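Q: Please take me through this structure one feature at a time. Give me the general idea before each case.

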2 protein chains.
Amino acid sequence: MQVSSVPGVARAGENRRHTRSWVWLCLLALFAWANVSLAAQDPLPSWNDGSTKQQIENFVHKVTTTGSPDFVAPEKRIAVFDNDGTLWAEQPEYFEGFFALDQVKAMAPQHPEWKTTEPFKSALAGDMKGLAATGEKGALELVVATHSGMTTDEFARNVNQWVSTARHPKTHRVFTEMVYQPMLELLHYLRDNGFKTYIVSGGGQDFMRAWVPAVYGIPPEQIVGSQGELKYEMQNGAPVLVKLPTVALVNDGPGKPVGIQRALGVKPIFAFGNSDGDQQMLEWTVSGDGARFAGIVHHTDAAREWSYDRNSSIGKLDKALDEATAKGWTVVDMKNDWKVIYPAEKQ
Amino acid sequence: MQVSSVPGVARAGENRRHTRSWVWLCLLALFAWANVSLAAQDPLPSWNDGSTKQQIENFVHKVTTTGSPDFVAPEKRIAVFDNDGTLWAEQPEYFEGFFALDQVKAMAPQHPEWKTTEPFKSALAGDMKGLAATGEKGALELVVATHSGMTTDEFARNVNQWVSTARHPKTHRVFTEMVYQPMLELLHYLRDNGFKTYIVSGGGQDFMRAWVPAVYGIPPEQIVGSQGELKYEMQNGAPVLVKLPTVALVNDGPGKPVGIQRALGVKPIFAFGNSDGDQQMLEWTVSGDGARFAGIVHHTDAAREWSYDRNSSIGKLDKALDEATAKGWTVVDMKNDWKVIYPAEKQ
């Protein structure tokens, strides 16, 4: 009170108040303008109108509307997405499997013994039947051989080179062109509504971090995947992290809530998957208080993509489909819900 | 070109352009106003003027100044902080050690066998000499007994209850009042300059996540610490994560760059620690391209806090101090660089 009786100080106070009023007017006008611009366009143009799109939009609307009983504060709007089969295709083989096969070929000159040792012999000969006969043990050996024994920087370079050149055997597209356009729109839509979007995938964390940021707009620290042990050491006077052949986390099935807890420490409110490997992540997500969303991409489009569920060895969707039906989770019917599959099909 | 020849559309276009110019003017004015307001106050008021404060401010200035050769884009402004001895005190025992001792007492009624079994017998009797005699093995047993066998939610409740009631044996303050005021200011200063601040500590990740967000303003997903294995299971029809007695990551020494890689996937540009357990994190941080900052809190204030370094069993600072001197890292002299230690001492 005493302060305001000093004339100079009072004027400074008034000026500050005037500046503040004017600042608020500007801010209000800016928000009004931003809202009009955003409302003008459909945020999910590649989704056909119908129940699935409506369920997504209803959820986002209710958790972002101030005063709604389901309102969720922005810092708690955490959305997690599986990657293989949810954000990009996964047939006839997980794309990271193609990477491993190509790496075996690239690394073969340094490993003459591979010519006569399984699973490398079949992998090098392109003998998929022989490779399949080596089973899970063979697959793991291929992954270990191509995902360890180098620094994290060297591995990232290998992945980047592969991602920019390798092509899918059926579509002949670069693999990153086989991401799902409707899901890219969903990621943007959620982020525009204050959500933080994460990948929570069974795929290798270091594999995804090499290309995911540019393709999905998700930064490295929001990418959670399967992880190998790392060793810190000095090479030529500089510190490096060497990828070891031992597994630290299989981020699949019951490993997904574990991966989420380790990386985030909070329960997401929105999760999207496509297979039984996502069941526990979806269960974990909907088990919290308040409004929750669980979504499943059901591959029903044999013409434009692939059609598979209960009997597929890749992306098997069986128990999670039953649980989705029983609990009323949102199930995307790819054939009927999506106008286009890949970005290149957009008009 | 054809579109603009339609009069109505042309007018709509002009209106939009006018709206945009006006919007830009508003934005520019807002930024100018914000800058003036911020420049008016010292962002590090609890730091004495001098070389240390200057080194911090110079670094922040050069990486945030557009056009500077050392400019770093906001998304790459990652700062990591050790916790024990860097952001809060750690004497005469790591505070999580006090938590473990108190938990043993709280859990003792459910464990009658502890009365006759070490290290629990000494812990329950308050016999610190007997406890010390059980060595690292005894300490690990105490941590395992108090940090596993319950769900992550139950553990968080235990920590929260302890944090809000337990008091330090010497200062008689609640432990969260023994955070360092100058470091709180540094965290704010960095965030105000577009940095993302992380904790990277040898302390338990779940222990820190229970109280760090409220005290340091750092969200759970930016808290990296030592981790135990977790198991996903159903309890009474609801999914839970049970804390297991096996260690997944010791986030200390060479484990710190590993923890950083797993959680972030990118190298920080700014790191602060206080002991040899931070040496590799500091080395890792400064090994990247461009401007880098490595800082060490040197405990030199026996009167207001504690004075210790090369010969301390808690927070030993020996090799990292030599490396700091050799490489010109910033070393905080707590006694001379800090006006106050704890928030309550602020005037």
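A: Start with strands. Helices (H or I, at least four residues) and strands (E, at least two) are DSSP runs, numbered from the N terminus. Two strands pair if DSSP finds at least two bridges between them. Note that this is a predicted model: local features need pLDDT of at least 70, side-chain atom pairs count only at pLDDT 80 or more, and totals for chains, interfaces and linings use all residues. Residues are numbered from 1 along each chain as its sequence is written, while chains are lettered from A and ligands numbered from 1 in the order in which they are written.

Q: Which residue of β5(B) is the bridge partner of B:A79?

A: Strands of a sheet pair through backbone hydrogen bonds, either parallel or antiparallel. Here B:A79 has B:F270 as its bridge partner in β5(B). Strands β1 (residues 78-81) and β5 (residues 270-273) of chain B run parallel and are joined by three bridges.

Q: What is the order of the strands in the open sheet of chain B?

A: Seven strands make up this open sheet, in the order β4-β3-β2-β1-β5-β6-β7 (chain B). The pairing is mixed. At the edges stand β4 (238-249) and β7 (330-333) of chain B. Each has a single partner strand, so one side of each is left without a neighbour in the sheet. On average, neighbouring strands of this sheet are turned by 30 degrees against each other, direction ignored.

Q: At what angle do helix α3 and helix α6 of chain B pack?

A: Axes are lines fitted to C-alpha atoms, for helices over the stretch in contact, and angles run from 0 to 180 degrees between N-to-C directions. In chain B, α3 (residues 95-107) and α6 (residues 135-147) pack at an angle of about 60 degrees, with axes 9 Å apart. That makes α3(B) oblique to α6(B). Angles under 35 degrees count as roughly parallel, over 145 as roughly antiparallel, 65 to 115 as roughly perpendicular and the rest as oblique.

Q: Which residues make the contact of α3(B) with α6(B)?

A: Two residues are in contact if their C-beta atoms, placed from the backbone, lie within 7 Å. From α3(B) come B:A100, B:Q103, B:V104 and B:M107. From α6(B) come B:L142, B:V143, B:A145 and B:T146. By class, this contact has six nonpolar, two polar and no charged residues. Ala, Val, Leu, Ile, Met, Phe, Trp, Tyr, Cys and Pro count as nonpolar, Asp, Glu, Lys and Arg as charged, and the others, Gly among them, as polar.

Q: How many residues of chain A are in contact with chain B?

A: In chain A, 32 residues are in contact with 32 residues of chain B. On the chain A side, α1(A) gives the largest share, six residues. That side has 20 nonpolar, seven polar and five charged residues.

Q: Where is the cis peptide bond in chain A?

A: Most residues other than glycine have a negative phi, and most peptide bonds are trans. In chain A, a cis bond joins A:E118 and A:P119, with omega about 5 degrees. A:P119 lies in the loop between α3 (95-107) and α4 (120-125) of chain A. In chain B, the bond from B:E118 to B:P119 is cis, with omega near 5 degrees.

Q: Is A:N236 buried or exposed?

A: A residue is buried if 20 or more other C-beta atoms lie within 10 Å of its own, exposed if 12 or fewer, and partly exposed in between; C-beta atoms are placed from the backbone. A:N236 is exposed, because 5 other C-beta atoms lie within 10 Å. A:N236 has a positive phi of about 55 degrees, although it is not a glycine. A:N236 sits in the loop between β3 and β4 of chain A.
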